[in-house]
Amino acid sequence: MPLVTERQRIQHLLRRAGFGYSAAELERYGRLGLEGTVDHLLHPEVVDDSHVDATIKSSLKRDPMEHRPSLIARWHLRLVHTERPLLEKLTYFWHDHFATSLSKVRPHLLLQQNETLRANALGSFQDLLLSITRDPAMLVWLDNRANQKNAPNENYAREVMELYTLGRGKDYTETDIKEAARAFTGWRVDDANMENMSQFARAVFTPKRHDGGVKTVLGVTGRLDDAGVIGILAEHPDTPGYVGAKLWRFFAVPEPTPEMIARTTRAYFEHNGSIRAMVRTILLSDEMYSPQAYRWRIKSPVELIVGAERALGARTIGYGEIENSRAMGQVLFEPPNPAGWPGGATWVNSTTLLARANFAHHLTQAGKGRAFGVDVPGLLAASGVQRAGLAGANALVDYLLDLLVGGDVDAMTRDVLLQHLGAPYHYSFEQAAKSGTLNGVVYLVLGMPLYQLA
Amino acid sequence: MPTDETFLDRPLGRRTLIRRGIAFVSTAALMPPAFVRAVFDEASVASAAEAPRRVLVILQLGGGNDGLNTVVPYRDGAYHDARRQLGLNPESLLHLNDEFALHPKLTGIKELYDQQRVAVVLGAGYPHPNRSHFRAMDIWHTGSTDERVYTGWLGRLLDATRYEQRALWHAANVGADEPLSLKSTSSFVPSLASVPAYALQVDPQFPRQADRRITDWLRLYRQQAEGMARQAEYGGQLAFVSETGLEAYESTVDLRRNATGYQAKTEYPRTPLASALQTVAGLVVSNLGTTIAYVTTGGFDTHAGQSGTQDRLLGVVSDAVRAFYADLDGHGLSDGVTTLGWTEFGRRVRQNGSGGTDHGTATPTFLIGGHVRGGIYGEQPSLTRLDRNGDLQFTTDFRSIYATIISGLFGTDPADVLGARYPVLPVFA
């Protein structure tokens with residue numbers, strides 16, 4: 001039975017509200033208890049994360065503001081090393097929600113957007129939405145920088161309603177889109193510091209490019225500007241309904257009920273549109289730990305890679321994984337379109353599953369000079385599971401299964417792993433390390449179907 | 001009459017049940033069942049294994065390509081009025097006849113057109129057009145405007161023709177994202193990025209462990225498909241992942257066995273699209289029994305600064321398609337290979353204020369190669385009698401194009417796949 005003990009619940013929570021756990025992390029959160037862990041995760045501001053900046057500084061080969069792989073590696077390093085896992089998980093959620101891609105936007109703008117998402121990830125949704133509306137990367141991505149009086153461009157107005165707030169098919173019309181587009185006019189991107197990219201770009205409002213006339217959006221009439229429309233959208237009950245349902249699916253269950261969505265909507269309105277309040281409601285709900293919530297989510301490639309590296313304490317400088325991730329169907333900062341990654345079952349097809357197994361191979365591959373990897377014998381020796389014989393093999397397999405899949409597998413799966421190690425007849429830690437079955441057993445756990453689920 | 005399942009090589013697995021379970025409404029409820037032809041034509045099955053009789057290549061142009069600047073009604077004053085800056089100079093265009101001309105970057109398509117190998121179908125769309133990329137995409141993928149349809153038109157075509165789909169590679173998606181078009185209730189469709197990368201890799205440090213690793217990898221997949229996945233708490237996802245893995249492995253073996261020394265007979269451009277089409281050519285030449293191959297390219301959502309972007313993208317498409325057919329010509333196989341080029345919608349007639357165009361409706365669609373009879377089909381929508389959004393009114397239901405392919409290439413009743421009858425265009429000889 002899944003999720004019986006508090007330890008299992010914390011493991012489940014960390015798979016969803018973070019990127020899995022290392023043995024040390026699990027022990028630390030275990031001492032806080034489930035509610036203590038949720039509180040801790042919801043308040044990243046009390047956690048000192050400055051060591052990540054030092055790691056990034058020493059690992060990056062080039063300035064991420066001008067070099068795409070370095071932009072991707074930079075975030076990858078933060079995801080792997082952060083001690084604020086929920087903050088990064090939500091930053092990743094918002095990156096998917098406000099999906100903006102390197103296919104059209106330069107890296108320095110996306111770096112800035114990434115920091116905007118992180119700064120607002122747990123704050124007020126209205127602040128987040130207005131920041132994104134005026135975010136230089138977004139102004140480029142959905143063309144709002146080209147949207148001006150007498151020459152409106154509907155792109156942002158359409159997507160802000162369809163993808164960011166109300167959701168497709170809700171009660172807005174083509175006229176609402178056209179009127180909102182007028183309200184969003186007047187912004188451009190001041191990127192005069194292109195040569196000196198240590199300076200961030202700015203969004204600049206130019207009154208004479210703005211349509212100051214009267215508009216009607218979703219039944220509200222006035223001389224609306226962008227903040228006016230964002231206010232209307234943030235106050236509209238469909239917005240927390242749509243965003244809340246998406247958060248429920250992201251953290252908890254595949255099909256949230258109307259009652260559950262109403263609960264997060266209530267939390268939103270009672271706490272001035274707070275994202276933190278919605279997420280707290282979900283993470284402390286009974287449904288979060290119900291059978292319906294257990295192991296139905298297919299990990300995204302980024303979740304898979306980051307989770308494996310965190311759990312196993314991989315050595316990485318963040319670049320080598322990019323091609324692995326691409327082969328699995330996802331690269332950070334390269335969502336396929338403004339709706340983000342479709343996710344779910346679409347992560348899994350023949351080529352992406354082979355790529356997942358091949359990533360497990362790359363991560364556990366022995367030998368020096370690899371771009372990233374785990375010292376499997378070193379990790380397991382340090383974990384104190386090197387006894388010989390069947391008891392030793394059992395201890396090793398149990399350790400790995402607990403670390404990587406919360407221990408919940410059937411006996412046959414355990415048997416395959418034990419036999420791979422040579423148990424029961426001729427297993428010793430040293431021999432398994434030498435022959436490659438030690439690396440092999442980690443490869444098998446990372447590659448097996450169960451590990452693909454969170 | 002026997003049920004269609006009589007003809008299956010393999011019984012319907014859990015996968016089928018899972019897929020059916022996942023769909024909110026089984027398409028069977030919305031579509032008539034696909035009836036297997038009463039006569040089981042052994043001869044046609046045998047020939048399918050010899051040479052690729054017919055291959056359908058789908059080329060998806062994502063983002064909404066501007067059809068008016070692709071197949072240009074260059075004599076229409078309304079075109080030039082609506083496109084003050086974006087309107088293409090008639091002298092720069094590649095003329096098809098005294099009414100229409102291709103965008104100047106479509107030189108490869110024009111060459112094929114001059115060889116009577118390109119059919120342009122004008123004004124493709126559907127009633128009550130949806131201007132959301134995502135919804136419009138789904139409508140084209142599913143071949144239905146009903147939101148409850150969760151299978152793709154090609155997936156249903158695979159289901160309808162599976163009595164002759166003996167090969168694991170009967171359909172293939174080139175790329176990491178499997179399109180909704182290929183989603184079916186019972187057919188496995190492999191996706192691959194390239195032939196060499198399509199394999200389970202093993203650790204060169206431990207060559208003696210290679211077989212054991214793969215064997216144990218398979219044992220875990222089989223175990224979790226058969227054992228754990230049966231437990232209710234894992235829902236359908238564990239079974240779905242493990243069964244896909246087993247089929248993936250089987251397809252790597254099949255690919256290795258059959259992909260024998262394909263050599264391109266032409267030099268392909270160095271673009272992802274050209275590489276994808278080259279991978280398709282490799283599958284076709286390798287005689288894996290592939291009848292449907294899917295490639296995707298995107299970036300056509302030109303709300304601002306359209307001309308540079310569309311020039312570049314159409315150039316990439318045209319050059320890649322030219323190389324693909326040159327390669328197939330070199331292998332003597334192009335007669336069997338038809339390409340459908342489509343996009344989810346055209347763009348607004350009047351350009352916007354940012355040198356771009358906003359989401360529109362009807363759009364020209366291309367059928368290339370195979371037994372296509374070159375020419376222009378359908379009617380051009382009027383550029384002055386627009387809908388109230390200022391968009392073109394469609395003249396050809398896009399499902400007519402699907403129906404044409406289904407009956408013309410696959411000899412299947414389109415109504416089995418599309419759930420309704422649409423006029424078949426006289427595109428195929």
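Chain B of this predicted model has an average pLDDT of 85, and 85% of its residues score at least 70. The model as a whole scores ipTM 0.93 and pTM 0.84. Chain B touches chain A through 54 of its residues, which meet 59 residues of chain A.

**Confidence**

- Where pLDDT is low, the predicted coordinates should not be read in detail.

**Chain A overall**

- Chain A contains 22 helices and six strands.
- The C-alpha trace of chain A spans about 85 × 50 × 40 Å along its principal axes.
- The radius of gyration of chain A is 24 Å, which agrees with the value near 22 Å that a compact globule of 454 residues would have.
- Of the 454 residues in chain A, 53% are buried.
- When contacts in chain A between residues at least 6 apart in sequence are considered, 70% of them join residues at least 24 apart.

**Helix 1 of chain A**

- Helix 1 of chain A covers residues 6-17, 12 residues in total, and reaches 16 Å from its first C-alpha to its last, close to the 16 Å expected at 1.5 Å a residue.
- The buried residues in helix 1 of chain A are Ile10(A), Gln11(A), His12(A), Leu13(A), Leu14(A), Arg15(A), Arg16(A) and Ala17(A).
- The cover over these buried residues includes helix 2 (23-42), helix 5 (85-97), helix 12 (238-251) and helix 14 (275-283) of chain A.

**The side of chain B that touches chain A**

- The 54 residues of chain B in contact with chain A include two or more from each of helix 6 (133-142), strand 7 (191-192), helix 8 (210-226) and helix 9 of chain B.
- Helix 9 of chain B gives the largest share of this side, 11 residues.
- By class, the side of chain B that touches chain A has 20 nonpolar, 23 polar and 11 charged residues.

**Helix 9 of chain B**

- Helix 9 of chain B runs over residues 237-258 and has 22 residues.
- From first C-alpha to last, helix 9 of chain B reaches 31 Å, close to the 32 Å expected at 1.5 Å a residue.
- Helix 9 of chain B is largely enclosed by the rest of the structure, because 16 of its 22 residues are buried.

**Strand 10 of chain B and its partners**

- Strand 10 of chain B (residues 363-369) is mostly covered, with seven of its seven residues buried.
- Strand 5 (residues 118-125) of chain B runs antiparallel to strand 10 of chain B, and five bridges join them.
- Val121(B) has Thr365(B) in strand 10 of chain B as its bridge partner.
- Strand 9 (residues 337-342) of chain B also pairs with strand 10 of chain B in the antiparallel sense, over four bridges.
- Ile368(B) in strand 10 of chain B stands opposite Thr339(B).

**A three-stranded sheet in chain B**

- Chain B has an open sheet of three strands in the order 2-4-3, with antiparallel pairing.
- Strand 2 (71-72) and strand 3 (94-95) of chain B are the edge strands, each pairing on one side only.
- Strand 2 of chain B is joined to strand 4 (residues 101-102) of chain B by two bridges, and the two run antiparallel.
- Val71(B) lies opposite Leu102(B) in strand 4 of chain B.

Conventions
Residues numbered from 1 in each chain as written. Chains lettered and ligands numbered in written order. Predicted model: local features only at pLDDT ≥ 70, side-chain atom pairs only at ≥ 80, totals over all residues. Rg over C-alpha atoms; globule rule 2.2 N^0.38 Å. Buried ≥ 20, exposed ≤ 12 C-beta atoms within 10 Å, placed from the backbone. Contact = placed C-beta atoms within 7 Å. Expected span 1.5 Å × (residues − 1). Pairing = 2+ DSSP bridges. pLDDT = per-residue confidence, 0-100. Nonpolar A, V, L, I, M, F, W, Y, C, P; charged D, E, K, R; others polar.
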